[in-house]
Amino acid sequence: MEFGVFDHLDRSPLPLADYYEARLAVVEAIDRAGFYAYHLAEHHSTPIGMAPSPSVFLSAVAQRTKSLRFGPMIYALPLYHPLRMIEEICMLDQMSGGRLDVGFGRGASPIELQLYGQGPDKAREIYDEALAVVLKGLTEKSVSFKGKHFSYDSVPMEIAPAQRPHPPFWYGVHATDSAARCARDSINAVSLDGVRDTRSFVETYNATWASLGRQADARPKFGLGRFIVVADTDAEALRLGERAYPMWYDSFYFLFRRFGRMPKHPRPAKFSEIIADGRAIAGSPKTVTEVVRAQMTETGCDYFVGQFSFGDLTQDEMLRSIGLFAKHVMPALRGRARAG
């Protein structure tokens, strides 16, 4: 079992320059604690995402960490020129010594696409074309492509990624057809959904993988993402989560309220409610270990992704939570995985 971290980089009470520095210190702690990877969301025109250009923040991560893998979860491809996307990926992979993991997607919010002048109804076809161009650019010496949205004729690729043929790819899964597509394309997946839905995604992924005659031990990672707060006692962890979550929730709903819409994947208003539906975990190391173990077993996931930073949690509170998780929870779950 491996462990990663997911981060919206959502707004906190800190001034923005101090906020970035504090979060980079948290990422350094994640690196020291032995986590596998740090996954950063991309959002625009909203306080849910203070890293609207993930590559800029991740270039600092590359320089401030030693062994931690990192990357966007996800780059919203309809908002990028694919040739520029190729170049950014290659630069980050080279600057980090081959530690980049790249998530691609259509963009989580139709409102954000529209604010950028993109029609959400075209996002799928733009994504498909852009991804095809990016794959060519990462693996070939020149790019030739003819499509509805992008056309290129022998564009030289004078920069290449450190990892060959390209960095590992990731996708955020919310449906069984997405899980099947990830399996066919050998893409790592992460689910932020409930236990029952995630179980169906994993079963679909595994069945598709097996139907192609591939070995189970060569299967990419399938991650389970959860809000997480670890403290000395259950009561303290719940208190921290209940205080911090409303600020994250208001940031999450900022654009949807402004434009009078509802998100495709809603979140409950209270921390106690998101704990009840299984998408958040809070407690002492013993409690957290038991809940994570149960959810990983029930879903069939093999990669746990914790969202330790959200709302108005302070740097010290985040570091304490991460430290307790790394000291007590990770060894306990890894030991159980080895015994199994």
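Two residues are in contact when they have heavy atoms within 4.5 Å of each other. Keep that in mind as you move through this predicted model.

Start by selecting phenylalanine 35. Leaving aside its neighbours within four places in sequence, Phe35 is in contact with Phe3, Gly4, Val5, Ile30, Leu68, Phe308, Ile322, Phe325, Ala326 and Met330. Phe35 also belongs to the largest nonpolar core, a set of 108 residues. Colour in Tyr38, Ile89, Phe104, Phe271, Phe310 and Phe325 too: together with Phe35, they touch the most other members of that core.

Select H1 itself, residues 16-33. From first C-alpha to last, its 18 residues reach 26 Å, close to the 26 Å expected at 1.5 Å a residue. Which residues of H1 are buried? Pick out Tyr19, Ala22, Arg23, Leu24, Ala25, Val26, Val27, Ala29, Ile30 and Asp31. Ile30 is one you have met already, as a contact of Phe35.

Next, go to the largest pocket, which holds about 960 Å³ of space. Of its 39 lining residues, show Gly107, Ala108, Ser109, His174 and His265, the closest to the pocket's centre. Then look at the elements around them. Those supplying at least two lining residues each include strand S5 (102-105), strand S8 (169-172), helix H5 (123-139) and helix H8 (234-252). Helix H4 (110-115) is another, and H4 gives the most, with 3 residues.

Note on methods
Residues are numbered from 1 along each chain as its sequence is written. This is a predicted model: local features need pLDDT of at least 70, side-chain atom pairs count only at pLDDT 80 or more; totals for chains, interfaces and linings use all residues. Side-chain values use heavy atoms; hydrogens and water are left out. On a 1 Å grid over the protein atoms alone, a cavity is a set of points where a 1.4 Å probe fits but cannot get out, and a pocket is an open set with protein on both sides within 12 Å along at least five of seven lines; lining residues have an atom within 4 Å of a point. Grid points are joined across faces, edges and corners, and a volume is the space filled by probe spheres set on the points. Helices (H or I, at least four residues) and strands (E, at least two) are DSSP runs, numbered from the N terminus. The expected span of a helix is 1.5 Å times one less than its number of residues. Buried means under 20% relative accessible area, exposed over 50%, partly exposed in between (1.4 Å probe, protein chains only). A nonpolar core is a set of buried Ala, Val, Leu, Ile, Met, Phe, Trp, Tyr and Cys residues joined through side-chain atoms within 4.5 Å.
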